[in-house]
Amino acid sequence: MKEIAKVSNVSKVYKTGDTTISALNPSSVSFYAGELVLIIGPSGSGKTTLLSILGCVTYPTAGEVYINGTEVSSLPESQLGKIRLENIGFVFQGYNLIAPLNALQNVMLPLELMNVPAKEAKEKAIQALKKVTMEDRMKNLPRALSGGQQQRVAIARALVSNPSLILCDEPTAALDPSSVAIVMGELKSLVSADKCVVIVTHDMRLRPYADRIVYVDNGNVLTEEPKSEYAH
Amino acid sequence: MSIFKTALRFIKYDKAKSIGVTSGILISTFLIGQQLGILDYLMGLMAAPIDNAKAQIWVADSRTRDVNQLAVIDIKKLREVRSISGVKEAFPLVVSVASATVDKGRTSSITLIGIESPHFNGGPPSDKIISGKIENLQMDGAICADFFDEKVFEVPIEVGTQMEINGKKAIVAVQTKGVRGFGFGFMYTTIERARYYSNLSANDLNAILVNVNEGADIDEVVNRINATVYGVKAYKTEDLRSSTISTVIGTTGIASSTGTLIIFALIAGFFIIGLTMYSSALDRIKDYGTLKAIGASNNYIRKLILIQAVLFAVIGYILAFVLLQGFKAGVAGTGLLVNYRLDVLIGIFVVIVTISVIAATFALRRIKGVEPASVFRG
């Protein structure tokens, strides 16, 4: 299987005055094409820190991060932005659709940032919205959509630029059970021979959708389920 | 979807804040435009005797700096000026302050200008004569009064209206519209009658208007007059104009009051625009963080905010321009003939765009500090 992303001995330490907090202890983990990986752990365990490092929005204190074979942790922010744009799609807990833009414009946004011609960007955005069955709401502003609908538009935005890595931060946390099934069905359908979907969650309902589960506990990344009450 | 359209959608979405920013720009632009329009009008009034006369050279008492403060010179100076090489023609002008009283109306001070007949050089511009002919001034007791004088005298002033000037009978034989002075309204008559109304002797005059021969150098003729005729000073028209304006502005406080208001309009506009855009950026901080997270460069976000600032400036400026035109039309009926010069309008636009862009730096600085990772913090 093709390795899409890898973190190698990465750690993250936050310093506030004299206080040092180790959010992530030295950890290594790889993510491959064709799999949907759940990163599971309790609140404050370090799973979002791991996702931030993997998503190239946070620099690790130590260690290396590879995206499609390129070591990115030493790149400046200006180049990391381009790495994110071309390789990573994001789905956030709070949907994070741009409020003044309608669904179609939100989905077109990554393509606009990549300087794709407007006509081509519109066609691709409509295709992405069709994939999540949101094409009939493409003219609606985010505030006119339900939480589930907003998350489906966010998924369309994440996939429209055809990234190889899709990172989801608690994508179902704010959704009702029927929307959870729809959103997870769509995320599962994105997994392909050249795509990997990584989902950070503490929602145990998502386990059946996972091809692999990575556990994060107390800043440690584990491949085995820890013996804690939270794991169940 | 271009970044321009995205910026426009940000503006349209946050209507309350957008109205706030636009209002700040509108108020600043309107106040600056209004003040400069009025100042330009006043400057025109200050130099009105010069602009109306259309002579190439003005000769006045050697201490003269302001055309509105002309001392008396002797008529011999006129003959001396006429004898200077390069002088094609020279005409006398009498300018004095007089008191006019209209029957059943008020008494008011006027600037009485005496011009030489039958050519009437130095008289009111022909395009501003709305009733009667300039030759009518040759009639007994004839004067030329302005349409807007009725605001001062509180009775209609028209051809045939009788009045007294310094207690002597006069009758309006010519009427102008918009020929006004900085202090008092202008009334024209023949030079002899002006001396009669003002109790001046037949040898008194206040200025000499000179036109030079074709091909003659005006500067050289000015220098020749200054070197030859004692006790007077010759000015090129534009030099006396700027001397008059700078003298009046320097002695009346008009510049400081106008300048203070403009500076406060700029400061108020700057902070209204800056703080409202900053507040708007705070409202949209999650959106800007999301843009950064999905890969928008700082340059893209900087452009997005600056385009919004320029759009606000353009919209506010257009609205203020419409308002300024309304103000101009509204006050025209009172005789306040405000005009906005193109270079002034362009200058205001440049200033407004500049302060909008600078004010946007408040928002830019805040958004620059937003980390892309902030999107994972709920």
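1. The second largest cavity is lined by A:Arg84, A:Leu85, A:Ile88, A:Gly89, A:Phe90, A:Pro110, A:Arg157, A:Ala158, A:Ser161 and B:Ile294. A cavity here is a set of points, on a 1 Å grid over the protein atoms alone, where a 1.4 Å probe fits but cannot get out, and lining residues have an atom within 4 Å of a point. Two or more lining residues come from each of α2 (77-87), β6 (88-91) and α5 (147-159) of chain A, and β6(A) gives the largest share, three residues.

2. This is a predicted model, in which local features need pLDDT of at least 70 and side-chain atom pairs count only at pLDDT 80 or more, while totals for chains, interfaces and linings use all residues. Residues are numbered from 1 along each chain as its sequence is written, chains are lettered from A in the order in which they are written, and side-chain values use heavy atoms, with hydrogens and water left out.

3. The second largest cavity holds about 70 Å³ of space, a volume being the space filled by probe spheres set on the points. Its lining divides into six nonpolar, two polar and two charged residues.

4. B:Ile294, one of the lining residues of that cavity, is among the buried residues of α10(B), where buried means under 20% relative accessible area with a 1.4 Å probe and protein chains only. Helix α10 (residues 285-294) of chain B has eight of its 10 residues buried, and B:Gly295, which follows α10(B), has a positive phi near 125°.

5. The largest cavity contains about 140 Å³ of space. Among its 15 lining residues, B:Met277, B:Ser280, B:Ala281, B:Tyr288 and B:Gln308 are the closest to its centre.

Conventions: Buried means under 20% relative accessible area, exposed over 50%, partly exposed in between (1.4 Å probe, protein chains only). Helices (H or I, at least four residues) and strands (E, at least two) are DSSP runs, numbered from the N terminus. On a 1 Å grid over the protein atoms alone, a cavity is a set of points where a 1.4 Å probe fits but cannot get out, and a pocket is an open set with protein on both sides within 12 Å along at least five of seven lines; lining residues have an atom within 4 Å of a point. Ala, Val, Leu, Ile, Met, Phe, Trp, Tyr, Cys and Pro count as nonpolar, Asp, Glu, Lys and Arg as charged, and the others, Gly among them, as polar.
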